[in-house]
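This briefing sets out selected local features of the structure shown below. The points are grouped by topic.

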Amino acid sequence: MSSLSRELVFLILQFLDEEKFKETVHKLEQESGFFFNMKYFEDQVQAGEWEEVERYLSGFTKVEDNRYSMKIFFEIRKQKYLEALDRQDRAKAVEILVKDLKVFASFNEDLFKEITQLLTLDNFRQNEQLSKYGDTKSARNIMLVELKKLIEANPLFRDKLTFPAFKASRLRTLINQSLNWQHQLCKNPRPNPDIKTLFTDHTCSSSNGARAPPPGNNPLAGPVPKPGVFPPLGAHGPFQPVVSPPPSAIAGWMSTANQSMPHAAVAAAPPGLVQAPSPAAFLKHPRTPPGGPGMDYQTADSEHLMKRLRPGQPDEVSFSASTQPPNSNNMYSPDDLPKTVIRNLSQGSNVMSMDFHPQQQTVLLVGTNVGDISIWEVGSRERLALKTFKVWDISACSMPFQTTLVKDATISVNRCVWGPDGSILGVAFSKHIVQIYTYNPAGELRQHLEIDAHIGGVNDIAFAHPNKQLCIVTCGDDKTIKIWDAVAGRRLYTFEGHEAPVYSVCPHYKENIQFIFSTAIDGKIKAWLYDSLGSRVDYDAPGLWCTTMAYSADGTRLFSCGTSKEGESHLVEWNESEGAIKRTYSGFRKRSLGVVQFDTTRNRFLAAGDEFQIKFWDMDNINILTYTDADGGLPASPRLRFNKEGSLLAVTTSENGIKILANTGGQHMLRMLESRAFDGARAHAEANVKPAIAAGPLGPIASVSASASPFERSDRIQQPMSLLASMESSRGTDVKPRILENTEKIKSWKSSDISDASQLKALKLPDSLAPNKVVRLLYTNSGLAVLALASNALHKLWKWQRNERNPSGKSSASSVPQLWQPNNGALMSNDVSDSKAAEESVACIALSKNDSYVMSASGGKVSLFNMMTFKVMTTFMPPPPAATYLAFHPQDNNIIAIGMEDSTIQIYNVRVDEVKTKLKGHQKRISGLAFSQSLNILVSSGADAQLCMWSIDGWEKKKSRPIQPPPGHPSTLVGETRVQFHNNQSHLLVVHESQIAIYDAQLDCLRSWYPRDSLSSAISSAIYSCDGLSIFTGFCDGAIGIFDSDSLNLRCRIAPSAYLSSASNDNPFPIVIAAHPTDPNQFALGMSDGAVHVIEPSDAETKWGGSTSHENGSMPSIPSSSALNSQPSETPSR
């Protein structure tokens, strides 16, 4: 909702309050979630109106939102429980315990048990902690004090506790001003006009008299301005031009990202859904008016939309949209449509689903009717990967699925889709299961998760990010939608309510609201929030059968495609403000053979496969713009898929193949990739290693390396290669043979060497303060700033500003930041020890998730700083022993694991200033701590080169072992050791001066790398890139190594000369490296001479050292935690 629409709600609240609509005022406060009336809340608590208290709160927060919310609801329900006990109403107390308090048992089982035991006491005051409980009134007042503190501290209530200041009767004033203006525009204005209604525009009847002065401050009367009479207030104005919707239409119930809800829809439209910034106020009205076919909802990202036919149904009409931003119609012409056939690919079986990679524009994922998935590089016509269907772990599957496979082993891909960044992909099958793979740019697929998701077919799969957590959304024949944790595969939610098999799912978000739309084969459309409260809407889709909907890529235009059982296909654009169909596109055959599905890209054109052709429409014209038969060979209803840029279009053929159509830009891109691959092969005619596919600015390109690889091709990849070889004979005649098969094999594991400043972008951050070596360095979580801690206990914060060269305001080597300080010039300096100089102490630092405060120590007390004011909020843990490492608990920012100089780890609660427990297992100071939320463990490392694993639940030690010494090392290692969990939360990076190594969740070493050759100096620091694909490593001679995180092969070496000036003295080197939180190729160096450098690839390169091929190197890839524990079954016969 725009800011003006939000202000309109406040005006309505003021009007209702002035008119004494007291209950309505508080209902609107709760439904909008804009203003929390603390006085009303206090009155309800003091009156013991507990149902109203929780209902009012529900507009602003839910129990599980955060720890503050959880505490608020717990205190309220506990008070209600104690009052029931005090009245000796045991039955009511038991009801409250079971219905209201049991939800907290999963967070603190001991506390729930203690509360339950109160039932056994004659008087709960016999419990020591409740011995001072007085009467009900005083108890409620005491609780209110605590509740007010919690509400004020809860970030969800930020800016909602104060009603904005404006003049009384402001809405009346605005309407009177409008009436005055309308009266001035009358052709025959009359004095003292008789204004009786606001429902129609004011006009004065004809008069021969002179023009009268406009009316003064009339009472609240007169018409609202007629839509379209005056220019709108702007793109975000609350009074948008609208037309009254017909009775059969559904009013716009969700505003777009760029447009506010029209006033008519707010005031007097049929029941609809008005977006509010809280889930409780969102999707409120559950039913469509009878007979209303209209629908207005937002789908997920276009890459997640339905593009396949359910198994057992006839051929389908596929639909795709290639679109462009509004007001830019001149940017594109029909010549921009991809209509020229430039590639033919032979898949070998019927293609059921396709999806272009979201970043590598020429990489295509394909799923077939025999359960195979392939990844094609359409530029080189090469299949990068082929996975025939097999169940990875049959023993982990349900008995119904095992029985189904025994009866009928055939299985089809229903849907395959890339994850949002292309590092993960999901496949939904026609029987029970989904399989999730991880993918690297070399084309290598690794098993990640196999989930027995639904009974019957899994009809759709998509990825979503509720609460910033990557999740998998599935739906199936069992009439349910399910949400799964994408890391560990745990089921998070099950949505039930459909009465027929669920056909498609569309996860999406608006502002801060995450939601899912689902469609079923009975034509029902439902919407769900990520909770257990059921469907928020229930509508009938046009055609009353299978339908999918999607916005244009910019989220401004809404389209839907569907087909009735009789074969009538519907392709329409919706008017969001009215909830009615804006236009219906013509040109389909009268009886389509299947379900129309669709896709969006760019923001201008629509495309559908029908009548052995591909038909294109301009979004603003209902008639067909043009069509093509793609040189023939298409089925009656071909499936189709645009790439993200709209320059390529993949279309299925009738002979189990795929045609790639391109526009002029797409043809140029493919020719460039083809010529680069040929040049690379010719330049390396003597090489004997296959080229890697690297993602360049225009898509995947052949990676040309500089020297020979030390690794031979391993047995691990021989099987996939034989599968590919067996498929060669089935490829169509148009598939280009591999050029110079024996001479194009490039030694891609040979790293590139960067030694000159022109080969990268490096920025030394400006610093007016005295230089001291940087001992700790990190980016803020927003990526807008870099924070350094120097050896003299002083913090330095650099912030980037938004400008033309850096419109995002994020850290960049191309834009110089400001060394930031508050207006009062305060410095952020740690407490230091009286017995040891700061330079001799071990420093540590940790930043809160919201970047609002930082915790830090330099040998003295641990200090908590406000990042906006640099003020010390509190200090704790005075030495000895001194704190040497800090890590926030992943589920509670109040809990901190603090590594100590005396080798212990203290689990400390900041809020109550209390050490919960002390962990002992190391012999020397703690130098690293890493939490894995999915595994529920803490891993610690010390200067004794030991690793310890601790359970988060009870803090008991589960395992301990030393890190492995390099070959030939005569004794056990000692020295500072760091640890960091990979994004998958199951693999651990271990850093020691002698090595970088990857360990699994059992603390077994999977692989390691030791300094050698051009990187022979000791390692000073290492860290994963934000996408987990690279490891940035610093060396004590100033060099930087960038390693592949899977194989630990060196991708790129950066010599000190590339980023240090020739005037640098004393051979400075990076003591610490920090990785940017969103840019996987940017990192920062904290140097021994006190400087901080930000490093990025040059403009000519998009990533460090190109990419690597899974066919090179002898190192095995890292399997996921699920793959480690599962044994693949035999491929079922088909």
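Ala-1055 lies in the loop that runs between strand E57 (1050–1054) and strand E58 (1070–1075); helices (H or I, at least four residues) and strands (E, at least two) are DSSP runs, numbered from the N terminus. Its relative accessible area is 8%, so Ala-1055 is buried (buried means under 20% relative accessible area, exposed over 50%, partly exposed in between, with a 1.4 Å probe and protein chains only). The model is a predicted one, in which local features need pLDDT of at least 70 and side-chain atom pairs count only at pLDDT 80 or more, while totals for chains, interfaces and linings use all residues. Residues are numbered from 1 along each chain as its sequence is written, and side-chain values use heavy atoms, with hydrogens and water left out.

- Leaving aside neighbours within four places in sequence, Ala-1055 is in contact with Ile-754 and Ser-755, where contact means heavy atoms within 4.5 Å.
- Ala-1055 and Asp-756 are 299 residues apart along the chain, and their C-alpha atoms are separated by 7.9 Å.
- Gly-497 is found in the loop between strand E14 (491–496) and strand E15 (502–510), and it counts as partly exposed because its relative accessibility is 37%.
- Not counting residues up to four places away in sequence, Gly-497 touches Lys-526 and Trp-528.
- A C-alpha separation of 9.5 Å is found between Gly-497 and Asp-538, which are 41 residues apart along the chain.

**Helix H6**

- Within helix H6 (residues 90–101), Ala-93, Ile-96, Leu-97, Asp-100 and Leu-101 are buried.
- Seen down the helix axis, the buried residues of H6 fall within an arc of 115 degrees, so they line one face of the helix; the arc is that of the directions from the helix axis to the C-beta atoms.
- An α-helix has 3.6 residues a turn, so residues three or four places apart point the same way.
- Ala-91, Val-98 and Lys-99 are exposed on the other side of H6.
- The cover over the buried residues of H6 includes helix H5 (67–86) and helix H7 (109–117).

**Nonpolar cores**

- The largest nonpolar core has 40 residues, and those with the most contacts inside it are Phe-36, Phe-41, Leu-57, Tyr-81 and Leu-101; such a core is a set of buried Ala, Val, Leu, Ile, Met, Phe, Trp, Tyr and Cys residues joined through side-chain atoms within 4.5 Å.
- At least two residues of this core come from each of helix H3 (38–46), helix H4 (50–58), H5, H6, H7 and H8.
- H5 gives the most to this core, with 10 residues.
- Apart from its neighbours within four places in sequence, Phe-41 is in contact with Phe-36, Val-53, Leu-57, Ile-76, Leu-144, Leu-147 and Ile-151.
- A second, separate core of 23 residues includes Phe-389, Trp-418, Leu-425 and Tyr-437.

**Arg-140 in helix H8**

- Arg-140 is found in helix H8 (residues 136–153) and counts as buried because its relative accessibility is 14%.
- The side chain of Arg-140 makes a polar contact of 2.7 Å with the side chain of Glu-83; a polar contact is a pair of N or O atoms within 3.5 Å, and within protein one must be able to donate a hydrogen and the other to accept it, with residues adjacent in sequence counting only if both atoms are side-chain atoms.
- Not counting residues up to four places away in sequence, Arg-140 touches Val-45, Gln-46, Ala-47, Gly-48, Trp-50, Gln-79 and Glu-83.

**Aromatic rings**

- The structure holds 30 aromatic pairs; rings of Phe, Tyr and Trp (its six-membered ring) pair if their centres lie within 6.5 Å, and planes under 30 degrees apart count as stacked, over 60 as edge-to-face and the rest as tilted.
- Trp-392 and Tyr-437 form an edge-to-face pair, with 5.1 Å centre to centre and 80 degrees between the planes.
- Trp-392, in the loop between strand E6 (382–387) and helix H11 (399–407), is 45 residues apart from Tyr-437 in strand E9 (residues 433–439), and both Trp-392 and Tyr-437 are buried.
- Phe-588 and Trp-617 form a tilted pair, with 5.6 Å centre to centre and 40 degrees between the planes.
- Phe-36, Tyr-40, Phe-41, Tyr-56, Phe-60 and Phe-157 form one aromatic cluster.
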